[in-house]
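Reader: Hi! Please walk me through this one, I'm new to reading structures.

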Amino acid sequence: MQFLVYILAYPLLWLISILPFRLFYLFSDFVYILVYRVIGYRKKVVRENLALTLPHLSDAERKVIEKKFYHHMCDMFLEMIKTMSISPKEMEKRFHVTNIELVQDYAKKGKSVILVASHYASYEWLLTINPKLGFQGVAVYKRLANRYFDKLIRKIRSKYNTEMVETRKAIPTMAQNQRDGKLSLYGLASDQSPKLDRIFHSMKFMGIEVPVHTGAEMLAKKYDLSVIMVKVKKTARGYYEATFLSIADDPKEFPNFDITEKYLKEVEKQIHEAPEFYLWTHKRWKHKVE
């Protein structure tokens with residue numbers, strides 16, 4: 001059944017990917033109507049999250065953000081599909097990095113790093129920067145249930161030679177690379193709610209005390225990896241700008257959880273600046289600490 005679903009969906013995905021951008025975003029507008037107005041995908045979750053984290057705004061103001069968010073979410077999902085056929089030249093034009101030299105300097109120093117990113121703006125197109133890094137980019141991801149779509153996603157995300165590593169294989173990969181002296185940049189999305197059996201710290205995130213992911217910080221200290229984050233902003237429809245920010249050059253010098261808190265405070269700043277570009281469909285605040 002998984003294969004049947006895949007072979008039926010793949011031709012459609014390919015056709016979407018080769019649409020000229022004008023038609024591509026018209027199609028995204030249609031998907032928005034379907035997802036937001038007809039299906040109402042996770043609309044209750046989005047409204048609860050917005051009301052919880054942006055209580056200072058009126059219902060009308062949050063409704064505007066809600067609609068903008070769904071438009072952006074549809075764009076972002078389809079842009080991932082667009083990666084199947086988009087040329088490197090076109091991608092270079094649409095996803096601009098302001099300070100790639102910050103990352104390249106770590107490679108020159110012979111220092112592997114952990115790159116922490118949030119589910120904000122275009123975290124999918126972020127994977128296209130790998131050829132510019134100066135060392136191997138490794139993206140840690142959660143495997144999809146459908147093995148055929150999982151293979152497709154890995155193929156799309158690996159188009160720019162990014163190495164895809166499942167979450168359960170992240171630690172063995174880091175350990176092996178360290179033994180082999182292989183310089184790498186490990187990309188982790190570290191802004192979502194952790195599993196209950198992996199809660200080690202909580203903090204106020206968007207004004208709500210919640211458990212937070214501390215895995216990136218723990219791994220950085222264990223393997224002596226510098227920590228940087230990337231802040232991506234949407235400059236226009238289909239255009240993004242990424243900026244790197246140093247979080248911790250020597251992580252072992254930081255008290256426990258300071259690195260995690262420093263990173264998430266930067267994520268908060270992004271959200272407050274333009275909340276419509278955050279992924280509000282995730283139940284980020286489901287385990288509130290009372």
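Author: Happy to! A word on naming before we begin: helices here are DSSP runs of H or I with at least four residues, strands are E runs of at least two, and both are numbered from the N terminus. Also, this is a predicted model.

Reader: Which residues of helix 8 are buried?

Author: Those are Ala-170, Thr-173, Met-174, Ala-175 and Asn-177. They pack against strand 2, strand 3, strand 4 and strand 5, and also against helix 9 (215-223).

Reader: What holds strands of a sheet to each other?

Author: In general, they pair through backbone hydrogen bonds, in a parallel or an antiparallel way.

Reader: Do strand 8 and strand 9 run parallel or antiparallel?

Author: Antiparallel, with nine bridges joining strand 8 to strand 9 (residues 239-248). Ile-228 stands opposite Ser-246 there. The two strands form a hairpin with two residues between them, and Gly-238 in this hairpin takes a positive phi near 85°.

Reader: And how many bridges join strand 2 to strand 8?

Author: Four, and those strands (residues 113-117 and 226-236) run parallel. Ile-114 stands opposite Val-227 in strand 8. Strand 3 (residues 136-141) and strand 5 (residues 184-189) pair in the parallel sense too, over four bridges, and Ala-139 stands opposite Gly-187 in strand 5.

Reader: New topic: which residues form the nonpolar patch on the surface?

Author: Phe-30, Ile-33, Leu-34, Val-38, Ile-39 and Tyr-41, with about 590 Å² of accessible area together.

Reader: Where is Tyr-41 found?

Author: Tyr-41 sits in the loop between helix 2 (21-39) and helix 3 (43-53).

Reader: Why does Tyr-41 count as partly exposed?

Author: Because its relative accessible area is 38%, and partly exposed covers what lies between the buried cut-off, under 20%, and the exposed one, over 50%.

Conventions. Residues numbered from 1 in each chain as written. Predicted model: local features only at pLDDT ≥ 70, side-chain atom pairs only at ≥ 80, totals over all residues. Heavy atoms only, no water. Pairing = 2+ DSSP bridges. Patch = residues over 30% accessible without salt bridge, like charges linked within 9 Å, V, L, I, M, F, W, Y side chains within 5 Å. Areas by Shrake-Rupley, 256 points an atom, 1.4 Å probe, with all protein chains shown as cover. Salt bridge = Lys/Arg side-chain N within 4 Å of Asp/Glu carboxyl O. Buried < 20%, exposed > 50% of the residue type's maximum accessible area, 1.4 Å probe, protein only. Contact = heavy atoms within 4.5 Å.
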